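Here is a short report on a two-chain model. Keep the structure open while reading.

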Amino acid sequence: MPEHKNVISVRSLKKAFDSNKVLNGIDFDLFEGEKVVVLGPSGSGKSTFLRCINRLEEPTSGEISFEDTVISDKNIQEMRAKIGMVFQHFNLINNLTVMENLTLAPVKLHRMSADEAEKKARELLRHIGLISKAGAYPASLSGGQKQRVAIVRALMMEPKVLLFDEPTSALDPESIGDVLELIHEVVDDGMTIMIVTHEMDFAKEIASRVVFIDGGKIIEEGTPAAFFSHPKTERVREFLKKVL
Amino acid sequence: MENFFDKIVELFTTPEYIDSLLHGFLLTIEIAFFAVLIGFLLGLIIALVETGKSKWFAPLRFICRVYVTIIRGTPMALQLFIMFFVIFAIRDFPQIVTAILAFAFNSAAYCSEIIRGGILSVDAGQTEAGLALGLSPLTVFHKIVFPQAIKNIIPSLGNEVITVIKETAIVSMVGMYDLNMAAKDIGSGQNMASYVVPMFVAALFYLAVVYLITFVIKRVEKHMRRSDARA
């Protein structure tokens, strides 16, 4: 792994909301091609950690770099275009059609022409079986459909890394499978990802590394095999006992 | 009753009366139209300042707060007097401009509150999705937040337009010849010597405009709701 390029590096990241300290010094490196699953009890700071990376939350202190460039308020827009994000609540743009959701950013940011973007969007929509929804507004889609559109919307920008923030937590059990399948495909295509999830089986399946966060700190990390079968800390043993 | 209808016929067939009425009506519409337009734009700016995240906005935000508080806390008629007899107490300064500004400044405060509420009603996830894609805050506002905010506030904005139209009637207090004043003038002793009919007709004029605007707003709202499941 270390011979791979460093995509994201996080140094002593701290984040507090007023007096509530959510992240208490996180050091972390993400290398090209890695599939990192972030686990932890609720309220442990997993989502905040992810959201600090693309600065949806402004870190209180610490440093985050993307491909050796320190992310700052100055370059954040450029960085976000390379860091895709998939949200728990999908966040498709309500006033835009599915097609417009996919093409807005790549066209606005001059990644491709309107024609190219539409062609690419059609390919992706066809691939996920939602081409018939191209002209529909998000309100008419089911949760699972929305999330799959949200994933291909992120792919439209051809990001270097994709962050998934509990992508299946707001879905009904039936559509979880479809979404996980799509994430699996994205992973198989070689995308570097970080995913916060509560789907343990899925985590075991796709992770190249598991990171366990509690109390705003990384408590333990390792390969899924080691993490799930031979946890090193009492805290993780306790957690796994509850969730498995 | 017969007398009433005779008077109505008289009002509509006497060129002098009907001219006065239309003249007044035109002034009412002119003041309301420009006041709403300027008021909305000013209100939008105030709302942007108030909802803006930047630290640099802090002093501006304070000024906006004070402005909105003063405007909303004092009578419109008093604001009109202040504009006429204090701020624009300049000889030969066009009265209509003073009146438009008075109503625009007033409406801006109300519009800003409406627009601010509309902006805040848009789910934060919408903004986050736009930002996460690398779009600029300006693009996010223009393409995502504003269209959704407007949709939510169309009914309130419609109300504000209607309020302004009717409130312009107080310009008669500073001697301007609007629809309200025209009705009073036509009904006075020197003219018809009956207030009932001209005031009844003036009321119909106001009502017709308000009804028309309500109708247009309903259509606009329906059009904008096409992206909703509720449509």
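## The four-stranded sheet of chain A

Chain A holds an open sheet of four strands in the order 2-1-4-5, with antiparallel pairing. Strand 2 and strand 5 (69-70) of chain A are the edge strands, and each pairs on one side only. This is a predicted model.

Strand 1 (residues 6-17) and strand 2 (residues 20-31) of chain A run antiparallel and are joined by nine bridges. One pairing to look up is A:Ile8, whose bridge partner in strand 2 of chain A is A:Leu30.

Helix 1 (residues 46-53) of chain A lies across strand 1, strand 2 and strand 4 of chain A. It runs at about 60 degrees to strand 2 of chain A. Is helix 1 of chain A enclosed or exposed? Eight of its eight residues are buried, so helix 1 of chain A is largely enclosed by the rest of the structure.

Just after helix 1 of chain A comes A:Arg55, which takes a positive phi of about 60 degrees.

## The six-stranded sheet of chain A

Chain A has another open sheet, this one of six strands. Its order is 6-7-8-3-9-10, and its pairing is mixed. The edge strands are strand 6 (83-86) and strand 10 (217-222) of chain A, each pairing on one side only. On average, neighbouring strands of this sheet are turned by 20 degrees against each other, direction ignored.

Strand 3 (residues 35-39) and strand 9 (residues 209-214) of chain A run parallel, joined by four bridges. A:Leu39 stands opposite A:Phe212 in strand 9 of chain A.

Most residues other than glycine have a negative phi. Two loop residues of chain A are worth checking against that.

A:Asp68 has a phi near 70 degrees, a positive value in a residue other than glycine. It is found in the loop between strand 4 and strand 5 of chain A. Is A:Asp68 buried or exposed? A:Asp68 has 9 C-beta neighbours inside 10 Å, so it counts as exposed.

A:His110 has a phi near 60 degrees, again positive in a residue other than glycine. This residue lies in the loop between helix 3 and helix 4 (114-127) of chain A. A:His110 is exposed because 7 other C-beta atoms lie within 10 Å.

## Chain B

Which elements make up chain B? There are nine helices and zero strands. The C-alpha trace of chain B spans about 70 × 45 × 25 Å along its principal axes. Of the 231 residues in chain B, 34% are buried. Among contacts in chain B between residues at least 6 apart in sequence, 74% join residues at least 24 apart.

Helix 3 (residues 58-73) and helix 5 (residues 95-121) of chain B pack at an angle of about 115 degrees, with axes 9 Å apart. The crossing is left-handed. From helix 3 of chain B, B:Tyr67, B:Val68, B:Ile71 and B:Arg72 take part. They meet B:Phe105, B:Asn106, B:Ala109, B:Ser112 and B:Glu113 in helix 5 of chain B. The residues of this contact divide into five nonpolar, two polar and two charged.

## Where the chains meet

How many residues does the contact take from each chain? It takes 20 from chain A and 19 from chain B. Helix 2 (76-82) and helix 3 (98-108) of chain A each supply at least two residues of the side that touches chain B. By class, that side of chain A has 11 nonpolar, seven polar and two charged residues.

## Confidence

The model scores ipTM 0.93 and pTM 0.86. Chain B has a mean pLDDT of 93, and 98% of its residues reach 70 or more.

Definitions and conventions. Residues numbered from 1 in each chain as written. Chains lettered and ligands numbered in written order. Predicted model: local features only at pLDDT ≥ 70, side-chain atom pairs only at ≥ 80, totals over all residues. Buried ≥ 20, exposed ≤ 12 C-beta atoms within 10 Å, placed from the backbone. Contact = placed C-beta atoms within 7 Å. Pairing = 2+ DSSP bridges. Axes fitted to C-alpha atoms, helices over the stretch in contact; angles between N-to-C directions. Left-handed = near helix turned anticlockwise from the far one by under 90°. Nonpolar A, V, L, I, M, F, W, Y, C, P; charged D, E, K, R; others polar. pLDDT = per-residue confidence, 0-100.
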